[in-house]
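The following paragraphs guide a new reader through the structure shown here. The account begins with the chain as a whole and then turns to particular places within it.

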Amino acid sequence: MALSALKELQAGDQAPLLVFEVGRNSQLASLSYQSPIMRRVFMRFPEVLFIHRTPNPRGKILYTFLVDGPGVQPECSLTRIVYFSVPVKENIEGLVQLFQTFKKFNPEWERICTILVDPYFSLLPVLAMEFPSAEILLSAFHVCKFLQGKFYRLAIEQSVKKLLLTNLQYTMCSATASNLKKMHTLLSDSVPQDLQPDLHLTWLLDDRIWLAHRWRSKAESICYFRDLEITTRVISQFFGIELSLERSILSLLDYLKQNIDKEGASNPDLSTPANSTPPEPSAEVTKLQEVEACIQHSLQTICAEPAAQLCLVEFAVVQRSIQLIGSSTDKVNVQILEDMHEVHPQGPGSCTCHFSQTFGLPCRHILAVLSSRQQVLQPEMLPEQWKPGCRTPPNSVASLANILGSRWNVALDKELLVAFLTGEVRRLLLQCSREEFERRYNTLRELADSWIGPYFQVQV
């Protein structure tokens with residue numbers, strides 16, 4: 001049925017350019033797609049091409065081509081997409097076929113001056129062979145995402161990690177030579193030398209990468225990174241899930257068509273017939289909705305009311321976000337948006353995130369694992385103090401119940417923030433060495449004295 005739907009896309013006056021192959025198992029093996037709107041957009045802005053690669057659990061890679069460079073409006077990120085392709089395999093033969101199909105679709109390909117790619121794209125010689133007149137560079141967006149992922153995995157103090165992430169965000173939005181050099185120096189001083197090779201710090205000093213991005217103002221850079229983040233998440237949400245290749249492609253194309261129709265209403269260059277109907281949810285989507293409902297029911301049944309409210313808030317984040325989940329023998333790596341944590345779902349479920357460490361409750365990462373495995377919360381995954389009918393709940397449970405049952409006000413908000421901060425400081429102090437404890441205690445001592453003044457002895 002999905003293959004029949006793909007064939008139907010080729011019918012009509014506004015039919016897209018579509019080439020696909022079917023494998024021996026009668027399933028989709030490869031696909032190249034370009035709609036009339038995509039074709040017109042590339043004809044207008046062929047000079048700079050941005051290539052994004054999206055993997056899925058079945059080992060397939062979706063290549064998305066977007067136009068980039070001066071003159072392209074960053075706020076129309078979805079309408080910057082000009083080509084989709086899934087090769088049979090990500091090897092030389094598969095990529096040659098992918099690029100040659102793109103060139104057949106777009107005779108203007110010879111006008112491409114620059115191609116922006118991600119650091120993990122290894123078959124650069126194939127790209128250079130097919131586009132000999134284009135300069136191939138790492139994209140600023142992909143370098144930023146690469147460094148963010150590396151920072152999250154660094155075995156360094158959380159405060160240093162936050163400093164690096166904050167400075168990276170500032171540098172990417174104002175990528176002057178001076179700011180890039182400062183970022184390079186900060187990383188050289190903050191990251192142990194044996195870990196620095198994995199960060200590829202020389203990229204920060206490669207001016208060719210940043211000249212393709214530096215022309216943007218700070219406001220334009222913020223919009224550029226934000227909209228590319230949204231676009232790549234949308235693509236991952238449709239393509240990077242456990243659906244058949246045909247269904248994931250159709251769902252993605254339907255979503256893009258509906259959103260490009262909205263954009264076309266205000267932009268005549270992007271107009272397209274508005275006769276499409278929303279696709280009915282697939283069996284996989286319906287099953288996912290049933291699983292989510294079961295998880296909500298298990299939370300409300302197993303947890304005490306305050307715990308259920310907290311976990312339902314966490315689960316709401318899971319439902320409206322994208323989860324990247326990878327398993328190993330004894331742990332599961334979960335990344336929701338940009339925060340990656342380790343989940344140990346066996347026994348009392350635990351996670352390295354602040355929510356799980358503070359409350360001992362199923363956080364959004366544990367709930368994402370349950371959702372992906374189509375499982376529900378089990379009683380043994382919840383600490384005893386959070387279960388209904390517990391006779392001796394800890395003070396934190398009782399006070400939390402009062403907070404959740406009350407109305408918000410400024411004082412209550414401050415009280416909750418202070419409680420979280422106090423718990424985190426206490427945890428860090430208990431876990432550090434004696435020498436580190438003395439250093440941190442003296443820092444707190446100086447901070448308390450500076451707030452209150454040296455005339456009063458402050459209890460720390």
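The chain contains 17 helices and 11 strands. The model is a predicted one. Of its 460 residues, 44% count as buried. Among contacts with a separation of 6 or more, 56% are accounted for by residues 24 or more positions apart.

The mean pLDDT of the chain is 76, and 72% of the residues reach 70 or more. Strand β6, residues 114–117, has the highest confidence, at 94, whereas strand β8, residues 323–327, has the lowest, at a mean of 49. Over residues 268–282 the pLDDT is below 50, and this stretch has 29 contacts in the model beyond near neighbours in sequence.

Which residues surround it? Leaving out residues up to four places away in sequence, isoleucine 115 touches Leu49, Ile51, Leu127, Phe131, Ala134, Glu135, Ile136 and Leu137. For one of these, leucine 137, the separation from isoleucine 115 is 22 residues in sequence, and the C-alpha to C-alpha distance is 6.2 Å.

Is serine 85 buried or exposed? With a relative accessibility of 2%, serine 85 counts as buried. The side chain of serine 85 takes part in a polar contact of 2.9 Å with the side chain of serine 32. A polar atom of the serine 85 side chain also lies 3.1 Å from the backbone oxygen of leucine 31. Apart from neighbours within four places in sequence, the residues in contact with serine 85 are Leu31, Ser32, Ile61, Leu62, Tyr63 and Leu98.

The helices can be approached through one packed pair. Two packed helices are described by the angle between their axes and the distance between the axes. Helix α5, residues 140–153, packs with helix α9, residues 218–239, at an angle of about 75°, and the axes are 11 Å apart. Because angles of 65 to 115 degrees count as roughly perpendicular, α5 and α9 are placed in that class. Which residues of the two helices meet? Ala140, Phe141, Cys144 and Lys145 in α5 meet Phe225, Leu228, Glu229 and Thr232 in α9. The residues of this contact comprise five nonpolar, one polar and two charged.

Helix α9 also holds serine 221. Serine 221 has a relative accessibility of 2% and therefore counts as buried.

The last stop is a loop. Histidine 200 is located between α7, residues 177–190, and α8, residues 207–211. Although histidine 200 is not a glycine, its phi is positive, at about 50°. The relative accessible area of histidine 200 is 36%, and this residue is therefore partly exposed.

Technical notes:
Residues are numbered from 1 along each chain as its sequence is written. This is a predicted model: local features need pLDDT of at least 70, side-chain atom pairs count only at pLDDT 80 or more; totals for chains, interfaces and linings use all residues. Side-chain values use heavy atoms; hydrogens and water are left out. Buried means under 20% relative accessible area, exposed over 50%, partly exposed in between (1.4 Å probe, protein chains only). A polar contact is a pair of N or O atoms within 3.5 Å; within protein, one must be able to donate a hydrogen and the other to accept it, and residues adjacent in sequence count only if both atoms are side-chain atoms. Contact means heavy atoms within 4.5 Å. Axes are lines fitted to C-alpha atoms, for helices over the stretch in contact, and angles run from 0 to 180 degrees between N-to-C directions. Helices (H or I, at least four residues) and strands (E, at least two) are DSSP runs, numbered from the N terminus. Angles under 35 degrees count as roughly parallel, over 145 as roughly antiparallel, 65 to 115 as roughly perpendicular and the rest as oblique. Ala, Val, Leu, Ile, Met, Phe, Trp, Tyr, Cys and Pro count as nonpolar, Asp, Glu, Lys and Arg as charged, and the others, Gly among them, as polar. pLDDT is the predictor's confidence in each residue, from 0 to 100.
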